[in-house]
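Please read it alongside the sequence and the coordinates.

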Amino acid sequence: MGMLGYAVYNYGFYMFGAALNAFFAVYVAAVLLSSVTLAQSLARTDLPSVAASFPASTPVRAIGGYLAVVGIGLAAGWLMLWVANVFAGRPTPVDAEAFKIVAAMDLAIMAPALICGGVWLWKRSPWGYVVAPMAGVQASLYLLVLSLNSLIAIERGLVTAPGELPVWALLAFTTLAATLTLLAYARDRERTSPCDG
């Protein structure tokens, strides 16, 4: 489901932000199919069973708190840049149209998934055990892409080293570590069933 969430998010950028081209219908289809598949997967999720697959020893507060803080930081960053532009006349870090698309996608998809998933996981809500790993996978992929883009920008001489690479790489590493830690605690309910003769 995390990969489906990333597909909605990533192809949404192309659907809304790319110049009109021969792949426009492909972008729309990718967003539509991944959205519908994700919605169906969430609707079919047996929340009590998923929550029961995580033992009481799962470090939900550390992982949930981390994910929520990353989501809050992401939202706050975009909102501060928007406020600085609209009310103080400061330029956006990239072209205003590109800024609007990226900020809107992050504020509408990425930040809410991280914040809600983190808070629900902190509270041991059944939804937390579904949304937190999903948001963690999605954010890890996003941060990996940002890290690779930063590395390419340095290699091509577009920015002076280290540029934004240390920030994105550190966040990618810690978010991936938190997500993998959470997933490592999940038990296979069928394998651990007392009915296994």
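Helices (H or I, at least four residues) and strands (E, at least two) are taken as DSSP runs, numbered from the N terminus. This is a predicted model, in which local features need pLDDT of at least 70, side-chain atom pairs count only at pLDDT 80 or more, and totals for chains, interfaces and linings use all residues. Residues are numbered from 1 along each chain as its sequence is written, and side-chain values use heavy atoms, with hydrogens and water left out.

1. Overall architecture. The C-alpha trace spans about 65 × 35 × 35 Å along its principal axes. Of the 197 residues, 36% count as buried (under 20% relative accessible area, with exposed over 50% and partly exposed in between; 1.4 Å probe, protein chains only). Among contacts (heavy atoms within 4.5 Å) between residues at least 6 apart in sequence, 75% join residues at least 24 apart.

2. Confidence. The mean pLDDT (the predictor's confidence in each residue, from 0 to 100) of the chain is 91, and 95% of its residues reach 70 or more. Over residues 190-197, however, the pLDDT is below 50, and beyond near neighbours in sequence this stretch has three contacts in the model.

3. Backbone exceptions. Most residues other than glycine have a negative phi, and most peptide bonds are trans. The peptide bond from A161 to P162 is cis, with omega near 0 degrees; P162 is found in the loop between α6 (126-155) and α7 (165-185). R124, in the loop between α5 (96-122) and α6, has a positive phi near 60 degrees although it is not a glycine. The relative accessibility of R124 is 37%, which means that this residue counts as partly exposed.

4. Helix α6. At 1.5 Å a residue, the 30 residues of α6 should span 44 Å, and the end C-alpha atoms are 44 Å apart, so the two values agree (the expected span is 1.5 Å times one less than the number of residues). After α6 comes G157, with a positive phi near 75 degrees.

5. Which side chain of opposite charge is nearest to D106? It is K100, 16 Å away, and D106 is buried yet has no salt bridge (a side-chain nitrogen of Lys or Arg within 4 Å of a carboxyl oxygen of Asp or Glu). Leaving aside neighbours within four places in sequence, the contacts of D106 include Y9, F13, L74 and W78.

6. The salt bridge. One salt bridge is found in a search of the whole structure: the side chains of K100 and E97 meet at 3.4 Å, N to O. Both residues lie in helix α5, three residues apart, about one turn of the helix. K100 is partly exposed at 48% relative accessibility, and E97 is likewise partly exposed at 46%.

7. The P59 loop. P59 lies in the loop between α3 (47-52) and α4 and is partly exposed, with a relative accessible area of 27%. Not counting residues up to four places away in sequence, P59 touches T181 and Y185. P59 and L121 are 62 residues apart in sequence and 9.4 Å apart in space, C-alpha to C-alpha.

Methods:
Lys, Arg positive; Asp, Glu negative; His and termini not counted.
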